[in-house]
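Hi everyone, thanks for making time.

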Amino acid sequence: MFNRLVKTILAITSLSPVLLTFWYKYFSDRWHIEDGVIYLILLLILIIVVLLLLNLANKKLEKLSVKIESVQNADNEVISYIFAYLLPLIGFDLKFLVFILILFLFIVYTTNIYHFNPILGLFGYHYYSITIENGTTFILISKKTLMNAKQINKVVQLDDYTLLEI
């Protein structure tokens with residue numbers, strides 16, 4: 001089911017900045033670029049995967065017309081992820097860090113919290129909490145800076161609670 005695939009990819013890639021933190025931790029020990037380079041490679045792979053996913057969703061999923069009643073910026077939700085991103089710098093052993101990250105990933109995946117992804121922010125995407133005409137609230141991912149609810153009228157649904165502006 002595409003819904004589960006999207007949810008899984010968004011959840012995993014939302015934690016991808018942790019890989020940058022792991023790389024920095026190993027790099028800063030001797031200041032050799034190759035130290036921990038596997039983490040940079042994994043980060044690049046995850047970036048490519050999430051961008052391909054959004055491109056595929058944009059092209060293949062059914063386009064839906066929506067009438068947005070209200071829109072609120074949700075880009076500030078990155079604060080809730082800062083803890084996970086900084087965990088590798090605290091000095092726990094790798095087994096404990098992996099356990100904490102898997103637990104965090106499990107919580108993100110199994111709940112209906114949305115998957116803020118700072119990597120998408122680097123590519124110009126913004127997050128908005130929107131309410132459509134029937135009263136349902138979604139998270140909207142859009143490259144537009146929304147100033148009013150009428151700027152968006154076509155979306156694709158990535159998962160139960162996430163829409164992508166097309």
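I'll begin with the ground rules, then take the helix pair and the pocket in turn.

This is a predicted model, where local features need pLDDT of at least 70, side-chain atom pairs count only at pLDDT 80 or more, and totals for chains, interfaces and linings use all residues. Residues are numbered from 1 along each chain as its sequence is written, and side-chain values use heavy atoms, leaving out hydrogens and water.

So, the helices, which are DSSP runs of H or I with at least four residues, numbered from the N terminus. H2 (residues 17–30) packs on H3 (residues 37–60) at about 165 degrees, and their axes are 8 Å apart. Axes here are lines fitted to C-alpha atoms over the stretch in contact, and angles run from 0 to 180 degrees between N-to-C directions. That makes the pair roughly antiparallel, the word for angles over 145 degrees.

Which residues of H2 meet H3? Pro17, Leu19, Leu20, Phe22, Trp23 and Tyr26 do, against Val37, Tyr39, Leu40, Leu42, Leu43 and Leu46 in H3, with contact meaning heavy atoms within 4.5 Å. By class, that contact has 12 nonpolar, no polar and no charged residues. Nonpolar covers Ala, Val, Leu, Ile, Met, Phe, Trp, Tyr, Cys and Pro; Asp, Glu, Lys and Arg are charged, and the others, Gly among them, polar.

Now the largest pocket. H5 (94–110), H2 and H3 each supply at least two residues of its lining, and H5 gives the most, with five. By class, the lining has 13 nonpolar, one polar and no charged residues.

Conventions: Parallel < 35°, antiparallel > 145°, perpendicular 65-115°, else oblique.
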